[in-house]
Each structure stands twice: as structure tokens, then as C-alpha cells.
Amino acid sequence: MAKADYAELFHAAIADRVVRRPEIDDVRVRIFGPLEARLQSIDRVVLGGLNEGTWPPETRSDPG
């Protein structure tokens, strides 16, 4: 197998898997994705990764 093919092989091997860390009650910092963040009720928020052109993501009007 060529080195250039490893990324594609790795992506194919893990594409259908979701990995989450177990919930720990005393965690002081949590990292949420855009959908998870909408459902939270919290006192303080730090926003990171708001790069121009990538956040907010463009809305899609097609169903897929």
C-alpha cells in the first residue's frame, strides 16, 4: 500500500463510528459542536475557531 492511500483507508475504516468521552461531573470546561451548543443552558461561554468564511457555516437550502 502506498503512503498516499493511508488517509483514505483510515477514513473508510472509521467513517461510521462515533466516539464520545464518558460524562464526568466535575469537568469545568466542555467543548460542544454547533448542534450541541444550542441545547445547553450555561452561565458563561467562550467561543473559539470563529474563522472568517467558516463560521457561521453557510446554510443549505437543499434537503441533502
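1. Which residues line the second largest pocket? In this predicted model, where local features need pLDDT of at least 70, side-chain atom pairs count only at pLDDT 80 or more, and totals for chains, interfaces and linings use all residues, the lining consists of R20, R21, P22, E23, I24, V27, V29, R30, I31, F32 and E36. Residues are numbered from 1 along each chain as its sequence is written, and side-chain values use heavy atoms, with hydrogens and water left out.

2. On the terms used: a pocket is an open set of points on a 1 Å grid over the protein atoms alone, where a 1.4 Å probe fits, with protein on both sides within 12 Å along at least five of seven lines, and lining residues have an atom within 4 Å of a point. A volume is the space filled by probe spheres set on the points.

3. The volume of the second largest pocket is about 410 Å³, and its lining divides into six nonpolar, no polar and five charged residues. The largest pocket holds about 650 Å³ of space; of the 19 residues lining it, R30, F32, V45, V46 and L47 are the closest to its centre. By class, that lining has 12 nonpolar, three polar and four charged residues.

4. R30 is partly exposed because its relative accessible area is 41%, a class lying between buried (under 20%) and exposed (over 50%), with a 1.4 Å probe and protein chains only. Its C-alpha atom is separated by 25 Å from that of G53, 23 residues away along the chain.

5. V45 lies in the segment after helix 2 (34–38), as V46 also lies after helix 2. V45 counts as exposed because its relative accessibility is 53%, and V46 because its value is 76%. Between V46 and E36, 10 residues apart in sequence, the C-alpha to C-alpha distance is 14 Å.

Methods: Nonpolar A, V, L, I, M, F, W, Y, C, P; charged D, E, K, R; others polar. Helix = DSSP H or I, 4+ residues; strand = E, 2+ residues; numbered from the N terminus.
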